[in-house]
Amino acid sequence: MKAKKKKISTYTHLEKILTLAGLAFVVVGCVANLYGAYANRRFISDPIDVIYYLRYIVLLGGGFIAGYRLTKKSARRTQYDQLFLGVVYAVLAMALFWLFDLARFGLQGLSEQLSYPWAKIVFESTPLASVLTVLAIAYFRQSRPNRSDLSALAKVLIVVSFIVYQVYTLVSGPYFVLIGKATYDPNVPTWLIIGGYLVTPLAIAVVAYLLFGHIKPRFSRLFYAVLIGMFYSTLILVLWEFRTDASYEATNIFSNIVTALSILFVGVLLWRARKAIK
């Protein structure tokens, strides 16, 4: 009985830390996207453009609201439970967005290109499709008052989407170089290439998985590790919304700053999460 209570307390403490970190990255993502959309407002020419240029607000904000508001209140659910579910569904919206975009890219490669305006509609409406899917999952799987835990379907979709997209990202670069559709810069030092692989979201998730050895259920450990990998990868994307200078030199400097800030964020998060499960 004591071991069981300790296990529940450990998970609760860990989820509180992930909730606070998740709330921070949702807020930063929405603010950054609002700034980026304002800076690029001259490119918004019709209503569907708004969905694309406000995609992180749609995904993170919409996903969070779906998880938080569609989670029924009950005696078994605390405020942190609802906030944690909101954060997880925001992450799920991002994960599905990547998966849907990857599927769209693959289908277009196998078939003829869509003509305008259908190609634009399909491309720019992907964030909305992701949020609608999250709304459906939250409504049918999370809205029952007698459930205080997270839907297993949401967990599986986050883990699978993250792994599929990250593996594709890692493999596609060398593959396109191999078939001649991309070029390799021989001036880039080998150590820099290796270092780039070591700070990928997949590598961060692997490190988190190894650090979470005290969590015995392997899928639970994998899920928490993937959440941290999703925080890291999403933070890198949304911070790019603050870029104002598109020149080559400024882009390199900004890239280093974004990477450093994201690694600092995930480093502190891993340290706090590790302490929570000891």
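**Exercise 1. Decide whether Glu241 is buried or exposed, and find its salt-bridge partner.**

Step 1. Glu241 has a relative accessible area of 14%. Buried means under 20%, exposed over 50%, and partly exposed in between (1.4 Å probe, protein chains only), so Glu241 is buried.

Step 2. A salt bridge needs a side-chain nitrogen of Lys or Arg within 4 Å of a carboxyl oxygen of Asp or Glu. The side chain of Glu241 meets that of Arg55 in this way, at 3.7 Å, N to O. Glu241 sits in the loop between α10 (218-239) and α11, while Arg55 belongs to helix α3 (residues 55-69), 186 residues away. Helices here are DSSP runs (H or I, at least four residues), numbered from the N terminus.

Step 3. Arg55 also counts as buried, at 14% relative accessibility. A search of the whole structure gives one salt bridge.

A word on the model: it is predicted, so local features need pLDDT of at least 70 and side-chain atom pairs pLDDT 80 or more, while totals for chains, interfaces and linings use all residues. Residues are numbered from 1 along each chain as its sequence is written, and side-chain values use heavy atoms, without hydrogens or water.

**Exercise 2. Describe the surroundings of Ser161.**

Step 1. Locate Ser161: helix α7 (residues 152-178).

Step 2. Check its cover: a relative accessible area of 1% makes Ser161 buried.

Step 3. List its contacts (heavy atoms within 4.5 Å). Leaving out residues up to four places away in sequence, Ser161 touches Ala95, Leu96 and Leu99.

Technical notes. Helix = DSSP H or I, 4+ residues; strand = E, 2+ residues; numbered from the N terminus.
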